[in-house]
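Here is a short report for a reader meeting this structure for the first time.

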Amino acid sequence: MIRKLIITAFAFLSAVPAFAHTTQLPTGQAHPALHLMNDSEFAIFLNRLDTDILHSQVQLKKIDLKSLSLGLQESEELDRSYNRCLQSLDNVQEEIQNLSQKQTLKLDLFLLIDLNELARNLDVLDQGLVNPAAVGGNPGAQKSLGYAREVLGIDVALASDISTFQHHFLAFAALIDATLEQADHDAPQSQTQK
């Protein structure tokens, strides 16, 4: 639902192709922390992100939830959370592949949404692993806490990539906004010159 609303809000911008060769925003338009990656920086970033996602998948698949000896309800909840994390990782990989072929604001937005969803799902899985029902008095408590540390490690490792991409996305959106504003400003001037 939220994804559809965000997509709708940025629909008019989605048709605008990326200006990846532009590395700076117009003067006075950017927050100093924002950075629009050029083509080569963006390709390197996507490759690194893809590698990080693959590494995260390998780490996550090493987690054996069945070894935790949880109750039925806790086990089902943890299993759903775990599967959402795996699905989020797949979604991110799909968006990376799409962006590696063509960068648009729409595809950037999809990746940003999927990265944020992945971070939320990792948080939920981590919370489930440290849940008192999962660790309290359970012989698998140490294993559950160990898995929680691994999930937290995945989350922390991806946080830097998410932050970098958020800054790129905001700079990209600001560039498109400035370009559209300039086009709107130039249109009346060209009509008065006729």
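## Overall make-up

A residue counts as buried when its relative accessible area is under 20%. By that cut-off, 40% of the 194 residues of the protein are buried. The model is a predicted one.

The protein has 7 helices and 0 strands. Read from the N terminus, its elements run α-α-α-α-α-α-α. How many of the contacts between residues at least 6 apart in sequence join residues at least 24 apart? The share is 78%.

## The aromatic cluster

A pair of aromatic rings is described by the distance of the centres and the angle of the planes. The whole structure holds 2 aromatic pairs. In one, the ring centres of phenylalanine 42 and phenylalanine 165 are 6.4 Å apart. Their planes stand at 35°, so this pair is tilted. Phenylalanine 42 belongs to helix α3 (residues 39-61) and phenylalanine 165 to helix α7 (residues 141-192), so the pair ties together parts that are 123 residues apart in sequence. Both phenylalanine 42 and phenylalanine 165 are buried.

Phenylalanine 45 also pairs with phenylalanine 165, and this pair is stacked. The centres lie 5.8 Å from each other, with 5° between the planes. Phenylalanine 45 is in helix α3 and phenylalanine 165 is in helix α7, so this pair links parts that are 120 residues apart in sequence. Phenylalanine 45 and phenylalanine 165 are both buried. Together, Phe42, Phe45 and Phe165 make up one aromatic cluster.

## Phenylalanine 165

Phenylalanine 165 sits in helix α7. Is this residue, phenylalanine 165, buried or exposed? Phenylalanine 165 has a relative accessible area of 0%, so it is buried.

Its C-alpha atom is separated by 9.4 Å from that of phenylalanine 42, 123 residues apart along the chain. Residues up to four places away in sequence aside, phenylalanine 165 touches Phe42, Phe45, Leu99, Asp108, Leu111, Leu112 and Leu115.

## Helix α3 against helix α5

Two packed helices are described by the angle between their axes and the distance between the axes. The axes of α3 and helix α5 (residues 105-129) come within 14 Å. They cross at roughly 25°. Angles under 35 degrees count as roughly parallel, so α3 is roughly parallel to α5. The crossing of α3 past α5 is left-handed.

Which residues make the contact of α3 and α5? From α3 come Phe42, Leu46, Leu49, Ile53 and Leu60. From α5 come Asp108, Leu111, Leu115, Leu118 and Leu125. By class, the contact of α3 with α5 has 9 nonpolar residues, no polar residues and 1 charged residue.

## Helix α4 against helix α5

Helix α4 (residues 72-101) also packs with α5. The angle is about 160°, and the axes are 8 Å apart. Angles over 145 degrees count as roughly antiparallel, so α4 is roughly antiparallel to α5.

The α4 and α5 crossing is left-handed. The contact of α4 with α5 comprises 16 nonpolar, 6 polar and 5 charged residues.

## Leucine 60

Leucine 60 is placed in helix α3. Its relative accessibility is 0%, so leucine 60 counts as buried. Leucine 60 is one of the residues in the contact of α3 with α5.

Leucine 60 and glutamate 150 are 90 residues apart along the chain, and their C-alpha atoms are separated by 7.9 Å. Not counting residues up to four places away in sequence, leucine 60 touches Tyr82, Cys85, Leu86, Leu89, Leu125, Val151 and Ile154.

## Isoleucine 63

Where does isoleucine 63 lie? Isoleucine 63 is in the loop between α3 and α4. Its relative accessibility is 6%, so isoleucine 63 counts as buried.

Isoleucine 63 and serine 144 are 81 residues apart in sequence. In space they are 9.3 Å apart, C-alpha to C-alpha. With its neighbours within four places in sequence left aside, isoleucine 63 is in contact with Tyr82, Tyr147, Glu150 and Val151.

Terms used
Residues are numbered from 1 along each chain as its sequence is written. This is a predicted model: local features need pLDDT of at least 70, side-chain atom pairs count only at pLDDT 80 or more; totals for chains, interfaces and linings use all residues. Side-chain values use heavy atoms; hydrogens and water are left out. Rings of Phe, Tyr and Trp (its six-membered ring) pair if their centres lie within 6.5 Å; planes under 30 degrees apart count as stacked, over 60 as edge-to-face and the rest as tilted. Helices (H or I, at least four residues) and strands (E, at least two) are DSSP runs, numbered from the N terminus. Buried means under 20% relative accessible area, exposed over 50%, partly exposed in between (1.4 Å probe, protein chains only). Axes are lines fitted to C-alpha atoms, for helices over the stretch in contact, and angles run from 0 to 180 degrees between N-to-C directions. Angles under 35 degrees count as roughly parallel, over 145 as roughly antiparallel, 65 to 115 as roughly perpendicular and the rest as oblique. A crossing is left-handed if the near helix is turned anticlockwise from the far one by less than a right angle, and right-handed if clockwise. Contact means heavy atoms within 4.5 Å. Ala, Val, Leu, Ile, Met, Phe, Trp, Tyr, Cys and Pro count as nonpolar, Asp, Glu, Lys and Arg as charged, and the others, Gly among them, as polar.
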